Amino acid sequence: MQNFTERALAAIRRGFSIIPVEPRGKAPLRGAKSRTNTEEGVRTFATQVPEDANFGIVADDNFTILETDCL
């Protein structure tokens, strides 16, 4: 299993901004506005969050995130 750092680095290398979220959950660990799209930022987050933390992809100047729950 990959850890937070490995998974988050893969996302930012694809051009996404990420925000760390709780393991097996959706709640932000560092606040809803605390995002990064740099390797340095991911490595800094990695020292502040659990190794098994998740991350969310965040909308920014390059990407718009659309989500819907269909019934």
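Trainee: Why is Ser34 called buried?

Mentor: In this predicted model, Ser34 has a relative accessible area of 18%. Buried means under 20%, so Ser34 counts as buried.

Trainee: Where does Ser34 lie, and what does Ser34 touch?

Mentor: Ser34 is in the loop between β1 and α2. Leaving aside residues up to four places away in sequence, Ser34 touches Ile18, Ile19, Pro20 and Phe45.

Trainee: Which residues of helix α2 are buried?

Mentor: Helix α2 spans residues 39–46, and Gly41, Val42 and Phe45 are buried there. They cover an arc of only 100° around the axis, which puts them on the same side of α2. Among the parts that cover these buried residues are α1 and β1.

Trainee: What makes Glu39 and Arg13 a salt bridge?

Mentor: The closest N and O atoms of Glu39 and Arg13 are 3.9 Å apart. The cut-off is 4 Å, so the pair qualifies as a salt bridge. Glu39 lies in helix α2 and Arg13 in helix α1, so the pair ties together parts that are 26 residues apart in sequence.

Trainee: Are Glu39 and Arg13 buried, exposed or partly exposed, and how do you know?

Mentor: Exposed means over 50%. Arg13 has a relative accessible area of 58%, so Arg13 is exposed. Glu39 has 37% relative accessibility and therefore counts as partly exposed.

Trainee: What separates Arg43 from Glu39 in helix α2?

Mentor: Arg43 and Glu39 are separated by about one helical turn, because they are four residues apart in helix α2. An α-helix has 3.6 residues a turn, so residues three or four places apart point the same way. Arg43 forms a salt bridge with Glu39, with the closest N and O atoms 3.1 Å apart.

Trainee: How many salt bridges does a search of the whole structure find?

Mentor: The search finds three salt bridges. One of them joins Asp52 and Arg24, whose closest N and O atoms are 3.1 Å apart. Asp52 lies in the loop between α2 and β2 and Arg24 in the loop between β1 and α2, so the pair ties together parts that are 28 residues apart in sequence.

Trainee: Why is Arg24 called exposed, and what is its phi?

Mentor: Arg24 has 72% relative accessibility, so Arg24 counts as exposed. Its phi is positive, about 55°, although Arg24 is not a glycine. Most residues other than glycine have a negative phi.

Trainee: Why is the pair of Phe16 and Phe63 called tilted?

Mentor: One aromatic pair is counted. The ring centres of Phe16 and Phe63 are 4.6 Å apart and the planes stand at 35°. Planes under 30 degrees apart count as stacked and over 60 as edge-to-face, so the pair is tilted. Phe16 is in the loop between α1 and β1, and Phe63 is in the segment after β2, 47 residues apart.

Trainee: What makes Ile65 partly exposed?

Mentor: The relative accessibility of Ile65 is 42%, so Ile65 counts as partly exposed. Ile65 is in the segment after β2 and touches Ile57, Val58 and Ala59, not counting residues up to four places away in sequence.

Notes
Residues numbered from 1 in each chain as written. Predicted model: local features only at pLDDT ≥ 70, side-chain atom pairs only at ≥ 80, totals over all residues. Heavy atoms only, no water. Helix = DSSP H or I, 4+ residues; strand = E, 2+ residues; numbered from the N terminus. Buried < 20%, exposed > 50% of the residue type's maximum accessible area, 1.4 Å probe, protein only. Contact = heavy atoms within 4.5 Å. Phe/Tyr/Trp six-rings, centres within 6.5 Å; stacked < 30°, edge-to-face > 60°. Arc of directions from axis to C-beta. Salt bridge = Lys/Arg side-chain N within 4 Å of Asp/Glu carboxyl O.
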